[in-house]
Amino acid sequence: MCSGNFAKCLGITLIPLAILSFLCNILLLFPGGKPAENNDDITDEVWYFGGILGSGILMIFPALVFLGLKTNNCCGCCGNESCGTRCAMFFSIIFAGVGLVGAGYSFIVSALAINHGPKCLINGTFTYPFTDGDYLSNHTMWDACEGPSDIVTWHLTLFSMLLIMGLVQVVLCGFQVINGLIGTIFGDCCCGVGTLTHRSHGNRSQFRRISTLPRKHDTG
């Protein structure tokens, strides 16, 4: 597969991941699926906007660049198409680096949020009842949260999705770094097999198909 086509496939994959990450972070602003009475009732890591900023906005730009790499040749690089495609692939490495930073940020925030646990209502006060992920293997501890309802499940599900999508985005952007290096060094491939020969007769052009069959000789 050519470098440009491979980058386009990566861009097509990254866009829905970025949208889903954005939506997951938005849903986390509604603990248990309900509006919070106070912003302080929302888990702190939600306000770091790992899904909105990291895996969302910072991922959209690289994805759009990857989508257009097949047709982008940096304006032909002063008339040299080969140089132009190499230039475009080189700049894709920079945008892939931006994507790596964004996805890595989202991954780290999600991991910290899962380890920290959700902020929930305990004795009439919103606080963190769990420490160092001790609640992950002990589901009976979840009953300590008086509200919002199903807050632990809500917290774990959405941050786990962000964690997984961030990891996938890191891998895809890493692939593009390698793909971009290959495209920068060797250029995008141009594959084609000529089957027609061209002959020009004055103002008229004719094409003759090359035959690979053996010629039949007269036996007379």
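Is phenylalanine 49 buried, partly exposed or exposed, and at what relative accessibility? The legends below take up this residue and several others in a predicted model, in which local features need pLDDT of at least 70 and side-chain atom pairs count only at pLDDT 80 or more, whereas totals for chains, interfaces and linings use all residues. Residues are numbered from 1 along each chain as its sequence is written, and side-chain values use heavy atoms, with hydrogens and water left out.

**View 1. Phenylalanine 49 in the loop between α1 and α2.** At 29% relative accessibility, phenylalanine 49 counts as partly exposed, a class that lies between buried (under 20% relative accessible area) and exposed (over 50%), as judged with a 1.4 Å probe on protein chains only. Its phi is near 55 degrees, a positive value in a residue other than glycine. Most residues other than glycine have a negative phi.

**View 2. Asparagine 25 in helix α1.** Helix α1 covers residues 3–28; helices (H or I, at least four residues) and strands (E, at least two) are DSSP runs, numbered from the N terminus. Asparagine 25 counts as buried because its relative accessibility is 2%. A polar atom of its side chain lies 2.9 Å from the backbone nitrogen of glycine 51. When neighbours within four places in sequence are left aside, asparagine 25 is in contact (heavy atoms within 4.5 Å) with Val46, Phe49, Gly50, Gly51 and Ile52.

**View 3. Helix α2 and its bend at methionine 59.** The 19 residues of α2 should span 27 Å at 1.5 Å a residue, and the end C-alpha atoms are 26 Å apart, which agrees; the expected span is 1.5 Å times one less than the number of residues. Among the buried residues of α2 are Gly51, Met59 and Pro62.

**View 4. Aspartate 132 and proline 148 in the loop between β2 and α5.** Aspartate 132 is exposed, with a relative accessible area of 67%, and has a positive phi of about 55 degrees although it is not a glycine. A cis peptide bond with omega of about -10 degrees joins glycine 147 and proline 148. Most peptide bonds are trans.

**View 5. Histidine 155 in helix α5.** Histidine 155 counts as buried, at 3% relative accessibility. Beyond its neighbours within four places in sequence, histidine 155 is in contact with residues including Leu28, Thr43, Ala113 and Tyr135.

Technical notes:
A polar contact is a pair of N or O atoms within 3.5 Å; within protein, one must be able to donate a hydrogen and the other to accept it, and residues adjacent in sequence count only if both atoms are side-chain atoms. The bend at a residue is the angle between axes fitted to the seven residues ending there and the seven starting there.
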